[in-house]
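Biologist: I am new to this structure and would like to learn how to read it. Could we go through it feature by feature?

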Amino acid sequence: MGADAGDCIYAGNRSNINTDNYTSTDTREVNGLAEPIIEFSGVEKHYSGADQRHKALDGINLEVYPGEIFGVIGLSGAGKSTLVRCINGLEPVSAGTVRVKGEEVQALSRSGLLALRRHVGMIFQSFNLMPSRTVEDNVGLALVNSKLSQAARKARVRELLTLVELTGKEESYPADLSGGQQQRVAIARALADNPEILLSDESTSALDPLTTKSILRLLRRLNATLGITIIVITHQMAVVKEICDRVVVLENGRIIEQGDVYSIFADPQQQLTREFVESTSNLGKSADLEEAGVAFVEGARKTLVRLKYTTQVVSEALVSEASRRFGVDLNILFADVALIKGAPLGGIVVLIDADAVTKDQVLDYFRGKDVSVEVLASGAERPDATQSHAIQSVDCALQDYRRDEQ
Ligand SMILES: Nc1ncnc2c1ncn2[C@@H]1O[C@H](COP(=O)(O)OP(=O)(O)OP(=O)(O)O)[C@@H](O)[C@H]1O
Ligand SMILES: [Mg+2]
């Protein structure tokens, strides 16, 4: 959270949400200083002309606090863009209220709405730059209604371009820039009026992974240095993992789960959330491989287990210690460790080759070290010849798989 300054503290890390009786306030406790900068209460949205039984938003309650980077994730059609467009009044809500800085958006006059939109910048997947204007002019357009003199406006544009690391590109045209550079122009334009809130609707979806990282780093820096609150709309959990403080998961217009990012990644409750989380980790890949016909445990005394962090770091040293102590083969198939907000999260998938009694001792040993143990698959006793064949086929398949990955 850019606001390490954060005025808010979280009581419990996450809520286990029953979608029928969800209220946002059960997830956090505020120390009394911070008011939400954005607040949805019982928001519903159905589009006129569309099937009225279909709600694009259905009973949305959420609060975003100043200085947060707040993620909204969901599949296509979940209602993410609708939700974000209700924040700046681009979409009127059908029921409930949206408040920004305490003001009810729906109740604002036209001039009130224009003033609100000056507090709220927005960036999109498609950059929306004017192709016939230079970089400088594209950013400057956001200041045409400002009271700044021509010279002050020019200086402000230069300052913004420095902020997004585009110095030297003032006279370039959008077509001469990479996708990442075009998104930086769009970010500079969105920041022109010193907004307190930045809405980012799939702003990295059209970018390659490295460029995505650089744009996310830029957003994080803007959050940390300017204290700007950022709403990140995405269908990519990797984006949430990279920059968000908290996240809500939307499905069919409803919030099905929310929490701080570490807790959501460490212990997702809903099936959709689990799938999103697994999409960012290779610890679920054993299932993909098994689906593809790689039999990890077939014909052997094999047990495939996933070891995950709770409080203890799962390290190779712990695995070798278990291997030595119990005299068993422990083969690490996958490892995945990420730092989320500076805390390690992840684990390893291990193939254990041991008889039932020793295997239980090994698993108890890990549990005793505060490691979460999940048995993914377990094999029956088979003759040795079959075992060695099974081991070889797993090794070959893994080598192929890792080669494909590189
Ligand atoms: N202008 C509109 N008129 C009628 N229905 C709409 C309109 N805009 C969105 N919808 C419907 O509302 C639902 C939510 O759409 P929305 O664009 O908010 O989803 P999304 O989560 O942003 O999807 P995506 O990831 O594809 O951008 C969808 O069923 C969509 O068809
Ligand atoms: Mg959308």
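This is a predicted model: local features need pLDDT of at least 70, side-chain atom pairs count only at pLDDT 80 or more; totals for chains, interfaces and linings use all residues.

Biologist: Let me start with a sheet: in what order do the strands β3, β2, β5 and β6 lie, and is the pairing parallel or antiparallel?

Modeller: As a general idea, strands of a sheet pair through backbone hydrogen bonds, in either a parallel or an antiparallel way. Here 4 strands make an open sheet, and its order reads β3-β2-β5-β6 with antiparallel pairing. The edges are taken by β3 (57-64) and β6 (103-104), each of which has a single partner strand, so one side of each lacks a neighbour in the sheet.

Biologist: How many bridges link β2 and β3, and which residue of β3 is the bridge partner of Ile 38?

Modeller: Strand β2, residues 38-45, pairs with β3 over 6 bridges in the antiparallel sense. Ile 38 has Val 64 in β3 as its bridge partner.

Biologist: Which strands does α1 lie across?

Modeller: Helix α1 lies across β2, β3 and β5 (95-100), and its direction is at about 125° to β2. This helix, residues 80-87, also gives the largest share of the shell around ligand 1, with 3 residues.

Biologist: Which residues come nearest to ligand 1?

Modeller: Of the 12 residues around the ligand, Tyr 47, Ala 56, Ser 76, Ser 81 and Thr 82 come nearest. The shell divides into 4 nonpolar, 7 polar and 1 charged residues.

Biologist: Now to helices. How do α5 and α6 cross?

Modeller: The general idea is that two packed helices are described by the angle between their axes and by the distance between those axes. For helix α5 (residues 179-191) and helix α6 (residues 209-226), the axes come within 9 Å and cross at roughly 20°. That makes the two helices, α5 and α6, roughly parallel, and their crossing is right-handed.

Biologist: Which residues of α5 and α6 meet there?

Modeller: From α5 come Gly 179, Gly 180, Gln 183, Arg 184 and Ile 187, and they meet Thr 211, Ser 214, Ile 215 and Leu 218 of α6. By class, this contact of α5 with α6 has 3 nonpolar, 5 polar and 1 charged residues.

Biologist: Let us go on along the chain. In what order do the strands β13, β14, β12 and β15 lie?

Modeller: They form an open sheet of 4 strands in the order β13-β14-β12-β15, again with antiparallel pairing. At the edges are β13 (329-340) and β15 (372-378), each pairing on one side only. From one strand to the next, the twist averages 15°.

Biologist: How many bridges join β12 to β14?

Modeller: Strand β12 (residues 302-308) runs antiparallel to strand β14 (residues 343-353), and 7 bridges join them. Leu 307 has Ile 348 in β14 as its bridge partner. Helix α11 (residues 316-326) packs on this sheet, where it touches β13 and β14, and its direction makes about 155° with that of β13.

Biologist: At what angle do α11 and α12 pack?

Modeller: Helix α11 and helix α12 (residues 356-368) pack at an angle of about 145°, with axes 10 Å apart. The crossing of α11 and α12 is right-handed. Ala 322, Arg 325 and Phe 326 of α11 make the contact with Thr 358, Gln 361, Val 362, Tyr 365 and Phe 366 of α12. The contact of α11 with α12 has 5 nonpolar, 2 polar and 1 charged residues.

Technical notes
Residues are numbered from 1 along each chain as its sequence is written. Chains are lettered from A and ligands numbered from 1 in the order in which they are written. A residue is near a molecule or strand if its C-beta atom, placed from the backbone, lies within 6 Å of it. Ala, Val, Leu, Ile, Met, Phe, Trp, Tyr, Cys and Pro count as nonpolar, Asp, Glu, Lys and Arg as charged, and the others, Gly among them, as polar. Two strands pair if DSSP finds at least two bridges between them. Two residues are in contact if their C-beta atoms, placed from the backbone, lie within 7 Å. Axes are lines fitted to C-alpha atoms, for helices over the stretch in contact, and angles run from 0 to 180 degrees between N-to-C directions. Angles under 35 degrees count as roughly parallel, over 145 as roughly antiparallel, 65 to 115 as roughly perpendicular and the rest as oblique. A crossing is left-handed if the near helix is turned anticlockwise from the far one by less than a right angle, and right-handed if clockwise.
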